[in-house]
Amino acid sequence: MMRYIPIFLFVFAFVSCSRHSNLQELSHVNNLLMADSIDFAATQIGKINTAALSDDDRQYYNLLMVQILSRKYQPIPDGVIDSCMSYYEKTKDKEKLAEAYYYKGGELYDKGMVSEGIAYFKKSEHLAEEYCSQLKYKNFSSLAYSNFESGNYRLALEYAKKCTDAATKIKSKDRLLFSKYYEYICFEELGKEDSAEMCLREYVKYIKYGEKDLQRINLSALSRFCLTKGDTLKASKYIQQALLLGEDPVVCGIAGMYYREIKAYAKAEYMYKQVIKLSHKLSDKISAYHGLAKIAEARSDKDESAAYFKKEVEAMDSLTEKNDKENIKDIQYYFDNENTKTEHKKALSLVAYMCIALCCVLAILLMTFWCVNRKYKVKIRNADALLQKYANEIDRTPKADDKHKDDINCLKKEFKNTMENYMKSLARGRRLYEGLALGRFIEKRDTRAMESLLSYYRLIDNEFFESMDKTYDNLTTQHRLILMLQHMGKTEKDIADLLCVSEGSVRSYMSRIKRCIK
């Protein structure tokens, strides 16, 4: 059997090294994705031997593949995201689960299941609160876009501002371009022209950092802004630059506005029809139908104008019906409210546990104080009873003859004074002991104070004094006090602070005490 042990150790070491190597490679791919090196990340993940992956590494591999395919605008195989979600829900890995929820939300949203997609975006948003800004940005940008598309411009603006904060933290200029663009169009839709203009001026300098599609959209937004200011020359410049980068519904829609403004109706009509052809969004089609109706109206073709206005109204009704059906605003408020309730419950539970713990500690302290105080009172009462016993015995002593009366009276007076002094000493010792427990210092030169403290402590722990008397000879009051403090659990530093001396002096006293051992 012993000869197989080296083989087992070798296999174990080999498996451990393989696991560590796979995890390093996957982490490297993740770092490349965070640095936006998508192509390089795709190359590196293709080199990983999937057959040697553990269950945990395989799910991590699948999640990274989902990110790469999504960011390369390639289809994601069915079931991969669901598998990741199911696994990370079981393992409670919140960061990876938030990532899986985000891509599940995107998958559903792209399939037209808007309300279901928003639900997953919100789940991801709440889980990602304590993690990296890049994951937060993904959620904020998706929620800003989906709210804008559904006409919830105020919510879209809130998420666009959160996007800006996240993009600023990760120092990403292309992401900052996206967030500022959505801030601009939200302000514009809400009628806040000054704020919209400020956003526009902020993001103009970032246009060159955006991808081709984003550059095209932003150039067309600049053209639209110039049209609102009546500057058709600059509007023409920007829209032509945008059209050179390609046609899309946004660019064609603004190009239609520009051509209609300069009364080039044929070109405007072509652009609006391109919007209808290229876009699947009802909001884009509404704008295009409105533009075509206005062109027909300018041409005095009332029938065509009425037909386009009718299509515009029908599209608006369809959009309203669609938004009411999806009801994404209420979905978001529901998730936010549930999250707030959960956090509130956690906070209340924490406060309740802290209060219970504090009450338990206070109860233990009060009980301890009561027990100790009761113990001391019993000892003092016993001492009083003993003294009273002696006094009674003296009173019962037969009266001496006249020549000894004066001596007896002096003895009684002396006994009374001694008893009073002893009780005062005990009372003072008790006060000093209680002060000692609170860390108050003792003047080491005050011999009477030290003796009072020692007398009181003898009541508390007489066995200690008996042991000390058996162990040592010729101890001074100060030596006894130091031994008493040490017996109470005080350190050299504590003793030095209480006696107002240095630690070196305490060590010197301890050395002298050792010489007094019998």
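Visitor: Is C226 buried or exposed?
Guide: C226 is buried, because its relative accessibility is 7%. Buried means under 20% relative accessible area, exposed means over 50%, and partly exposed is in between, with a 1.4 Å probe and protein chains only. This is a predicted model: local features need pLDDT of at least 70, side-chain atom pairs count only at pLDDT 80 or more, and totals for chains, interfaces and linings use all residues. Residues are numbered from 1 along each chain as its sequence is written, and side-chain values use heavy atoms, with hydrogens and water left out.

Visitor: And C516, buried or exposed?
Guide: C516 counts as buried, at 15% relative accessibility.

Visitor: How many disulfides are there?
Guide: The count is zero. The rule asks for a pair of cysteine sulfur atoms within 2.5 Å.

Visitor: Let's switch to helices. How far apart are the end C-alpha atoms of α12?
Guide: They are 18 Å apart. The expected span is 1.5 Å times one less than the number of residues. Helices here are DSSP runs (H or I, at least four residues), numbered from the N terminus.

Visitor: Which residues of α12 are buried?
Guide: A235, Y238, I239, A242 and L243. Seen down the axis of α12, these buried residues fall within an arc of 135°, so they line one face of the helix. The arc is taken from the directions from the helix axis to the C-beta atoms.

Visitor: What sits on the face turned away from that?
Guide: The exposed residues L233 and L244 are carried there.

Visitor: Which residues make the nonpolar surface patch of about 380 Å²?
Guide: L358, V361, L362 and L365. L358 belongs to helix α17, residues 328-396. L358 is exposed, at 52% relative accessibility. Patch residues have over 30% relative accessible area and no salt bridge; nonpolar side chains (Val, Leu, Ile, Met, Phe, Trp, Tyr) are joined within 5 Å, and like charges within 9 Å. Accessible areas come from the Shrake-Rupley method with a 1.4 Å probe; for residues, only the protein chains shown count as cover.

Visitor: Now charges. How many salt bridges does the whole structure have?
Guide: A search finds 19. Each needs a side-chain nitrogen of Lys or Arg within 4 Å of a carboxyl oxygen of Asp or Glu.

Visitor: What does R201 pair with?
Guide: R201 pairs with E197, and their closest N and O atoms are 2.5 Å apart. The two are separated by about one helical turn, because they are four residues apart in helix α10. R201 is exposed at 57%, while E197 is buried at 17%.

Visitor: And K162?
Guide: K162 meets E125 in a salt bridge, 3.9 Å from N to O. This pair links distant parts of the chain: K162 is in α8, E125 is in α6, and they are 37 residues apart. K162 is partly exposed at 34%, and E125 is buried at 9%.

Visitor: Which residues form a salt-bridge network?
Guide: D82, K104 and E107 are linked in one.

Visitor: Last topic, loops. What is the phi of K263?
Guide: K263 has a positive phi of about 65°, although it is not a glycine. K263 lies in the loop between α13 and α14, and is exposed at 62%.

Visitor: Where is N474?
Guide: N474 is in the loop between α20 and α21. Its phi is positive too, near 60°, and N474 is exposed at 73%.
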